[in-house]
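This briefing goes through one protein chain, topic by topic. Keep the sequence and the 3D view open while reading.

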Amino acid sequence: MHKLRLLGGLALLALATGGCGLSSGSHERNIVVPADPTLLDYVNPATVNGLTSQSLSEGESARRYVHITYPQLKDAPALGTALHKEAERQLHAFRAVVSAASSDALRPRDPGTGYKDQDSGAGYRTGSTGRGDGFKSSRPPAKGFKSSPPPAKGGTRALSLGGHLSESAFTSPSLRRPELNVQWELTAASPDVVGVRLRSGEYVGAGWARSTRTFWYDRHRDQVVGATGLLAGKPAVQEAARLVREGLEPRGAAVDRSAVTATPDRLDSMAFNRMGDLVVEFDDCEIGSCSLGRVAVAVPAWQVQPLLSPTGRLAQAAAVAASGKTALPPLGSEDGPAQAPPITSPARPDDKPPVGAGTRAGSGVQAAAPAGPPYRHVDCSKAKCVALTFDDGPGPQTPRVLDALRDGGARATFFAVGTNAEANPSVLRRMHDEGHLIGNHSWAHRDLTKLPLNRIVDGLSRTQEVITEGSGRMPALARPPYGVASPDVLEAAHRVGVALVGWDVDTRDTPEDPEGRGEDPATITHRAVSGARPNAIILLHDTNGATADAVPDILKELGAKGYTFVTVPELYGSPGMEPGHFYRSATATQVNGP
């Protein structure tokens, strides 16, 4: 049975008149009618057989931040193809917008360390060489970190923490990188029909703009249609648009009802609530002031029923039938809770678990022991250690990465995105059982420095819960998307009870092209092997097929150089890693001075 998640608090606007969203059969089914009929139920992706989450990113070193995910069903290749084309379309459109709006302020001035702005220390970025052991979030500096004085020309020095965390102004809107983030939910998943809601966010220097688009897969016809495919032809679309305009009347001049046209580009996001009402959503700024946020209308089931196509009737029936099934507790609105959760007390030094073990955040209570290979202690002060880390999964390529690690007898650290972890709990369990460590990579791979504290805490907490449920162990580590942090990000990590982890070897294996090819395996292998040094943290992505191809050679070549593959906490030895600290690198390598 499909479990459902009620998106409580999703709507900012309930535009139905009294009785909207009600039907004569609602009380007979003993269904609690939501206060806002534009609320939608979502199917838990973990309950859908053959479902995985595909990711498309541009990488940490790109001029733009891009993270697009969409579902892929083994028995519905046509749906996967349609969603991939939509991902390409959104990526190309975003690139065009960024290109048109580009200026010096939107371009990274130092590709290795991010934006350079000495007047602000609000944001910090990982990605350059040097040594650092983190800093405590409760005492962030006001103007960034101060590194040691530069040596004489030709000399060397070990960089302090401030030397490898860039003094970059990510809280200044004019200096933040453009960002595109696309997430998905299942609005229906039955033997007859599958509904996918893509939720997109875009930042190009003037605030975060949201949009939604829905796609429907009719299993009987093996056909994918957009939102207007739920309606029976042009006359039905025109009538639906009229009903929506009618529903907008109570808003008066707050919205432009004439902007609601009977066109696929305007009516591109439609789904059914548990009562069978047709919920029509509009993008930010699409039919009114941007300050309105999400605008949605619920057209009552009795009005929309005569307008539905065969696919629409299947979709409506799937939503109504699913409403009687067990629902998951609400996770809060898309914008996070109104208040940040209370601070949890971090583990005391005498409560620390063994190196590499996970803990329940802030409690000091050790989670269940791994069911896989026994823990093998490695003293990285004596052994030649390296930590392979994999971001953005789990996804379709992750099992291949796990196969290679198993065959090579290597352990690694995986930083899982919450939405992907939710869709692939069996892969999380396998990671755990085979002795790997799983870290938190945020809920939706947003640049956390653009979010308020309450939303950062909410996203990290959601991800903690999903990973714990899937793997049996609560993460003690997190990696902020794109390797960027701010005082609020560090404070959120402290509250949730996780240490933040960066990297010092970037293999740049995340593909930038929409086809998802990325770099070839030989190039990825070369970058990993040539950049490795004792106690290095190497950045890879288990969402890339070329990376999965490269892992066996990486293990072979680094193994031949005498490296032992460990998880990140093992690099730090007995002192361990503290929640709310940012650990950029465990290396003690000297770097060339200016």
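**Backbone, helix packing and a buried loop residue**

Asp222 sits in the loop that runs between strand E9 (208-218) and strand E10 (223-226). The model is predicted. Its protein chain contains 13 helices and 25 strands, and 58% of the 594 residues count as buried. Among contacts between residues at least 6 apart in sequence, 75% join residues at least 24 apart.

**Backbone features in loops**

- Asp222 is not a glycine, yet it has a positive phi of about 50°. Its relative accessible area is 46%, so Asp222 is partly exposed.
- Asp392 is in the loop between E15 and H6. Its phi is also positive, near 85°, in a residue other than glycine. Asp392 has 1% relative accessibility and therefore counts as buried.
- Pro394 belongs to the loop between strand E15 (385-391) and helix H6 (398-407). The peptide bond that leads from Gly393 to Pro394 is cis, and its omega is near -5°.

**Helices H11 and H12**

- Two packed helices are described by the angle between their axes and the distance between the axes.
- For helix H11 (residues 521-531) and helix H12 (residues 545-560), the angle is about 40° and the axes are 8 Å apart. H11 and H12 are therefore oblique to each other, and their crossing is right-handed.
- On the H11 side, the contact is made by Pro521, Ile524, Thr525, Ala528 and Val529. On the H12 side, the contact residues include Ala546, Ala550, Ile554 and Leu558.
- Sorted by class, this contact of H11 with H12 has 8 nonpolar, 2 polar and 3 charged residues.

- The N-terminal end of H11 is capped by Asp520, which has a side-chain oxygen 3.1 Å from the backbone nitrogen of Ala522.
- The buried residues of H11 are Ile524, Thr525, Arg527, Ala528, Val529 and Gly531.
- The cover over these buried residues of H11 includes strand E21 (505-506), strand E22 (536-541) and H12.

**Asn273, a loop residue**

- Asn273 lies in the loop between strand E11 (270-272) and strand E12 (278-282).
- Is Asn273 buried or exposed? Its relative accessible area is 2%, so Asn273 is buried.
- The side chain of Asn273 reaches the backbone oxygen of Pro37, at 2.7 Å.
- Leaving aside neighbours within four places in sequence, Asn273 is in contact with Pro37, Leu39, Leu40, Val279 and Ala319.

Terms used. Residues numbered from 1 in each chain as written. Predicted model: local features only at pLDDT ≥ 70, side-chain atom pairs only at ≥ 80, totals over all residues. Heavy atoms only, no water. Axes fitted to C-alpha atoms, helices over the stretch in contact; angles between N-to-C directions. Helix = DSSP H or I, 4+ residues; strand = E, 2+ residues; numbered from the N terminus. Parallel < 35°, antiparallel > 145°, perpendicular 65-115°, else oblique. Left-handed = near helix turned anticlockwise from the far one by under 90°. Contact = heavy atoms within 4.5 Å. Nonpolar A, V, L, I, M, F, W, Y, C, P; charged D, E, K, R; others polar. Buried < 20%, exposed > 50% of the residue type's maximum accessible area, 1.4 Å probe, protein only. Polar contact = N/O pair within 3.5 Å; in protein donor to acceptor, adjacent residues only side chain to side chain.
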